[in-house]
Amino acid sequence: MKMNNYRVEKRMKIFLFYLLMLLICTVVIFPLYFVLISSFKNMADVYMMPPKLLGFKPIFDHYKYIFKSQHYGTYIFNSGFIGILSTLFSLLLGIPAAYAIAREKMKGAALFILIARLLPAMSFLLPYYFVFSKLKLIDTFCPLILSHMVLSLPLVVWLMEEFIAGIPVDLDEAAIIDGCSRAKCCWSIIVPISKSGIATCTILSFLGSWNNFQFALVLSGTRTRTLPVTLQYFVSGADIRWGRMLSATIVVILPAIIITLILQKYIIQGMTAGAVKG
């Protein structure tokens, strides 16, 4: 009797678990599915209530419009170029900084970097705009790359400092005895060991740059406009061009979703390793 009760209880827990997972997936995935199918509908189907989730004739007019008339290929290049360079420079500066903080045990510097990461973006945006407008650099890639580094560089230092702190100091000491400098020790010994942490920082920094709206809205122009900024141009005083906006939304979020799905194991490995070693 007790065995039967145990089996019933176990099956009930499994059922509730899968039910909870189904509810969570529905809440997360259904809005994405709705946006995706709506981007392939004509305007009549978009405004239909209740909406058609299946059984409509898909069209590609909205995607043709945003790529041919709105130059979305250029915006994809701009977002990718800014994201790659801001991430690369953040890693080149952040990894040595994290190494120095971890090895010298500069907890005050680590706290300062964490505070800088938590500050609202608007606290940097107005001074940046003032400086770069005086230098006549608005609508160039330089201010966008630097402004995105304001967000990604503290993230790299904060995550890598915890990761490097868990690597035994004996490795550094042995390398120094063999004639390595501190800089060579950092790049030749610590960096190869910290691949999962670096991968995590790279992914999070690039996605943060790709999705950034505030800095790009103020510091970009017609030549350097990025994808998130363009979504607002489908809203006018008269109406909202839902089909085109939803198509553009898919173009914006699809690369981020693909990158996250492909590289999620590196994010988990990096976060877990940093948590355990720290």
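Tutor: A crossing is called right-handed if the near helix is turned clockwise from the far one by less than a right angle, and left-handed if anticlockwise. Helix 6 passes helix 7 in such a right-handed crossing, where helices are DSSP runs (H or I, at least four residues) numbered from the N terminus. This is a predicted model, in which local features need pLDDT of at least 70, side-chain atom pairs count only at pLDDT 80 or more, and totals for chains, interfaces and linings use all residues. Residues are numbered from 1 along each chain as its sequence is written, and side-chain values use heavy atoms, without hydrogens or water.

Helix 6, residues 122-134, packs on helix 7 at an angle of about 155°, with the axes 11 Å apart (axes are lines fitted to C-alpha atoms over the stretch in contact, and angles run from 0 to 180 degrees between N-to-C directions). Helix 6 is therefore roughly antiparallel to helix 7, a term for angles over 145 degrees. Phe124, Tyr128 and Phe132 of helix 6 make the contact with Pro143, Leu146, Ser147 and Val150 of helix 7, contact being heavy atoms within 4.5 Å.

The unreviewed UniProt entry lists residues 137-159 among its transmembrane regions, an annotation that may be inferred rather than shown by experiment. That span is 83% helix and 0% strand, with its end C-alpha atoms 31 Å apart.

Terms used: Helices (H or I, at least four residues) and strands (E, at least two) are DSSP runs, numbered from the N terminus. Angles under 35 degrees count as roughly parallel, over 145 as roughly antiparallel, 65 to 115 as roughly perpendicular and the rest as oblique.
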